[in-house]
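Please open the structure in your viewer and keep the sequence panel beside it. The tour below moves from one selection to the next and says what is there at each stop.

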Amino acid sequence: MIDLYTWSTPNGRKVSIMLEETGLAYRVHKIDISKGDQFKPEFVAINPNSKIPAIVDNEGPGGKPLTLFESGAILIYLAEKTGQLLPKDPAARYVVLEWLMFQMGGVGPMFGQVHHFLRAAPEPVPYAIERYGKETRRLYGVLDARLGKKAFLAEEYSIADIATYPWVARHEWHKVALGDFPNVERWYRTIGARPAVARGMQVPA
Ligand SMILES: N[C@@H](CCC(=O)N[C@@H](CS)C(=O)NCC(=O)O)C(=O)O
């Protein structure tokens, strides 16, 4: 059994989608980041960085419990544990990892800044909205060019798509019209039609 510590955000949903796709048994622990649950000592003991998601796999390597934070590390771990959604062949594997890291270092942080400055900042900061909005549209352009050549970010559906999908699902928050990026839109609809993705996107209930 895997314990998932999460909240209703894109980073949390990467992991719930992955758990649904792989069919691993898990139970959900809600960490309400709007109320500061992420700073409680019992959660800091699981993630010293005070952010969701985190997991505890009670049957980790060697049959011992494994605690893990950072969504990218969790996705790689779950893929290796199950032998799913991350190819073993080195060439194919690094294509998945480069697009996963593109999400972790680009898509997540930049889209997240747009969300913050459009929805949470106590006062309008036009420079920040312009800077992060422009970078977000540039990243959509990179995704659109890639998805114009490939059905998925790597050769096949993988943890790179799972990491990116919940962020694109927030396109209205960062004020991107998906119709401006038709290849992203086609990919988004394809992935959204997967039952496991639909279930993962509802976590936590
Ligand atoms: N790089 C981290 C980012 C995690 C992250 O930023 N989580 C957000 C929610 S999407 C969070 O817990 N925020 C609470 C806070 O910043 O206090 C990951 O991918 O796991």
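**A tour from the loop to the ligand**

Begin by selecting Pro 53, which is in the loop between helix H2 (41-44) and strand E3 (54-57); helices (H or I, at least four residues) and strands (E, at least two) are DSSP runs, numbered from the N terminus. The model is a predicted one, in which local features need pLDDT of at least 70 and side-chain atom pairs count only at pLDDT 80 or more, while totals for chains, interfaces and linings use all residues. Residues are numbered from 1 along each chain as its sequence is written, and side-chain values use heavy atoms, with hydrogens and water left out.

Now show the ligand together with the residues around it, among them Ile 52, Pro 53, Lys 51 and Glu 70, where a residue is counted as near if one of its heavy atoms lies within 4 Å of the molecule. The residues of this shell divide into five nonpolar, four polar and two charged; Ala, Val, Leu, Ile, Met, Phe, Trp, Tyr, Cys and Pro count as nonpolar, Asp, Glu, Lys and Arg as charged, and the others, Gly among them, as polar.

Which atoms of Ile 52 lie 2.8 Å from a nitrogen atom of the ligand? The atom in question is a backbone N or O atom of Ile 52, and the pair is a polar contact, that is, a pair of N or O atoms within 3.5 Å. A polar side-chain atom of Lys 51 lies 2.5 Å from an oxygen atom of the ligand, whereas for Glu 70 a polar side-chain atom lies 2.8 Å from a ligand nitrogen atom.

Next select Val 203 and Pro 204, whose connecting peptide bond is cis, with omega near -5°; Pro 204 lies in the segment after helix H8 (195-200).

Finish with the aromatic rings, for which the count comes to eight pairs, with rings of Phe, Tyr and Trp (its six-membered ring) pairing if their centres lie within 6.5 Å, and planes under 30 degrees apart counting as stacked, over 60 as edge-to-face and the rest as tilted. One of these pairs is Tyr 165 with Trp 187, tilted, at 6.4 Å centre to centre and 55° between the planes.

How values were computed: A polar contact is a pair of N or O atoms within 3.5 Å; within protein, one must be able to donate a hydrogen and the other to accept it, and residues adjacent in sequence count only if both atoms are side-chain atoms.
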